[in-house]
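These are my notebook entries on a single chain and its ligand. I set down what I looked up, entry by entry.

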Amino acid sequence: MPGCDTTLPEESTVRMTNTRQDGSPIAETVLSLRGISKNFGAISALTGIDLDIGAGEVVALVGDNGAGKSTLVKILAGVHRPSAGTIAFRGKDVTLSDPSAALALGIATVFQDLALCDNLDVVANIFLGKELQPLRLDEVSMELRAWKLLNELSARIPSVRVAVASLSGGQRQTVAIARSLLLEPRLILLDEPTAALGVAQTAEVLDLIERVRDRGLGVIMISHNMADVRAVADRIVVLRLGRNNGVFHADASDHDLIAAITGASDNSVSRRSGRRQAGQTLS
Ligand SMILES: Nc1ncnc2c1ncn2[C@@H]1O[C@H](COP(=O)(O)OP(=O)(O)OP(=O)(O)O)[C@@H](O)[C@H]1O
Ligand SMILES: [Mg+2]
C-alpha cells in the first residue's frame, strides 16, 4: 500500500445531476468522467466513456470480457493514465497520476485479489502500510479502531486477532473493504466483490456494500453476476467494446441487459446511451 495523506480537497461546487431508483435526488456528484479514452498501443481499450457517480449511490459496471471495466477502474485507481478525457472529483478536475494520488483524494480500490496478507491478523491487514503514517497508532488503538470499523459495518468477523488465512471468502472481502474505508474515502471501487463466494457470503458482502452506501460513499462495483448487481445497484452501466452501451435501473429485464452487454439487439426500449446518463430521467 502506498503511503498517502488523507487531506481532501476543499468543498466543491455541488451539482444535481442524478436521481436514485426511488426518484430521490443525489445531492453531490462525487465523480464525473467525460470522454475518457485509453489506448494501449494500437488497442483502444476505452473510447469516450462518460460516467457519473453520486454520493450514496451504488453504480454497477457490467460488460463482457474485454469490455474495459478493469481498465476504467485502474484509471480511477491511478494505475493507468487516460489517453484522453477529463476526470472531475467532487466538482474539480483532477489528475490521478498514481495510486497514492487517487487515495489521497478519497478514491479507494479493492482489487479482485484483495491483496491481503494471509499470515497476518485482521488488525494488521486493516492497517497494512499505514502503520508508518504521521499519526502512528499503537496496537491497542489499532485494535479498537479495527473493531469500531467492523462494528459500524456489522461485519461478522469472529476476532480481529485471527490470521486472515482462517477467514471465509466473504470475511476476507469484508476485511479488504474495511481496510479501504480506513482513510475515509468518498468513492470506493470494488472489482468483482462477490466472485467465488457462496450464497450466504455473497449476501453478507452485498449487505456490506449497502452499509458502505449508507455511509454516503459513492460505490462502483464491477460484477458479472446480474443477480448481485440487481440486489444493490442504483444504476447499472454497461460497457461494450470499450464504449458506453446503456444505463439501466436494477429492474431492467435480463433480455435488455444481455442485449446491451453482448450487442445482440439494438431495439431494447430501456436501453439508453451512456453519454446521456447525466442529468436525464431514466425509464
Ligand atoms: N496493459 C494492457 N496492455 C494492453 N492491452 C490491455 C492492457 N490492459 C487491458 N488491455 C486490453 O484492453 C481491453 C479491455 O480490457 P479490460 O481488462 O479492461 O476488460 P474487462 O472488461 O475488465 O474484462 P474482464 O471481464 O475479462 O475482466 C482488452 O482488449 C484488453 O486486452
Ligand atoms: Mg477485468
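Which residues of E9 lie on one side and which on the other, and are they buried or exposed? I worked from a predicted model. On one side of E9 I found Leu 187, Leu 189 and Asp 191, and on the other Ile 188 and Leu 190; all are buried, and both faces are covered. Five of the five residues of E9 are buried, so I noted the strand as largely enclosed by the rest of the structure.

Entry on the neighbours of E9.
I then looked up the strands that pair with E9. E8 (residues 107-110) pairs with E9 (residues 187-191) in the parallel sense, over four bridges. Within that pairing, Ile 107 stands opposite Leu 187, and Ala 108 has Ile 188 as its bridge partner. E10 (residues 218-222) also runs parallel to E9, and five bridges join the two. The bridge partner of Leu 187 in E10 is Gly 218. I checked E8 for cover as well: Ile 107 and Thr 109 on one side are buried, as are Ala 108 and Val 110 on the other.

Entry on helices.
I turned to H5 (residues 169-181) and compared its length with expectation. Its 13 residues should span 18 Å at 1.5 Å a residue, and I noted agreement because the end C-alpha atoms are 19 Å apart. H5 is mostly covered, with 11 of its 13 residues buried. Among the buried residues I recorded Arg 172, Val 175, Ile 177 and Arg 179. The cover over the buried residues of H5 includes E8, H3 (122-126), H4, E9 and H6 (199-214). I examined H4 (residues 139-152) next: its 14 residues reach 20 Å from the first C-alpha to the last, close to the 20 Å expected. Just after H4, I noted a positive phi of about 50° at Ser 154.

Entry on the nonpolar core.
Which residues of the largest nonpolar core touch the most other members? Of its 77 residues, I listed Ala 60, Leu 61, Leu 189, Val 219, Met 221 and Ile 236. In soluble globular proteins, nonpolar side chains tend to be buried together.

Entry on ligand 1.
I listed the residues around ligand 1 as Phe 40, Ile 43, Ala 45, Gly 63, Asn 65, Gly 66, Ala 67, Gly 68, Lys 69, Ser 70 and Thr 71. Strand E4 (43-54) and helix H1 (69-76) are the elements that give two or more residues to this shell. H1 gives the most, with three residues. By type, I recorded four nonpolar, six polar and one charged residue in the shell.

Entry on Lys 69.
Lys 69 has its place in H1. I counted Lys 69 as buried because 23 C-beta neighbours lie inside 10 Å, and the cut-off for buried is 20 or more. Apart from neighbours within four places in sequence, Lys 69 is in contact with Leu 61, Gly 63, Ile 222 and Leu 239. Lys 69 and Leu 239 are 170 residues apart along the chain, yet 7.1 Å separates their C-alpha atoms.

Entry on the whole chain.
I recorded eight helices and 12 strands. Of the 283 residues, 45% count as buried. Among contacts with a separation of 6 or more, 68% join residues 24 or more positions apart.

Notes. Residues numbered from 1 in each chain as written. Chains lettered and ligands numbered in written order. Predicted model: local features only at pLDDT ≥ 70, side-chain atom pairs only at ≥ 80, totals over all residues. Near = placed C-beta within 6 Å. Nonpolar A, V, L, I, M, F, W, Y, C, P; charged D, E, K, R; others polar. Expected span 1.5 Å × (residues − 1). Core = buried A, V, L, I, M, F, W, Y, C linked by C-beta atoms within 7 Å. Buried ≥ 20, exposed ≤ 12 C-beta atoms within 10 Å, placed from the backbone. Contact = placed C-beta atoms within 7 Å. Pairing = 2+ DSSP bridges.
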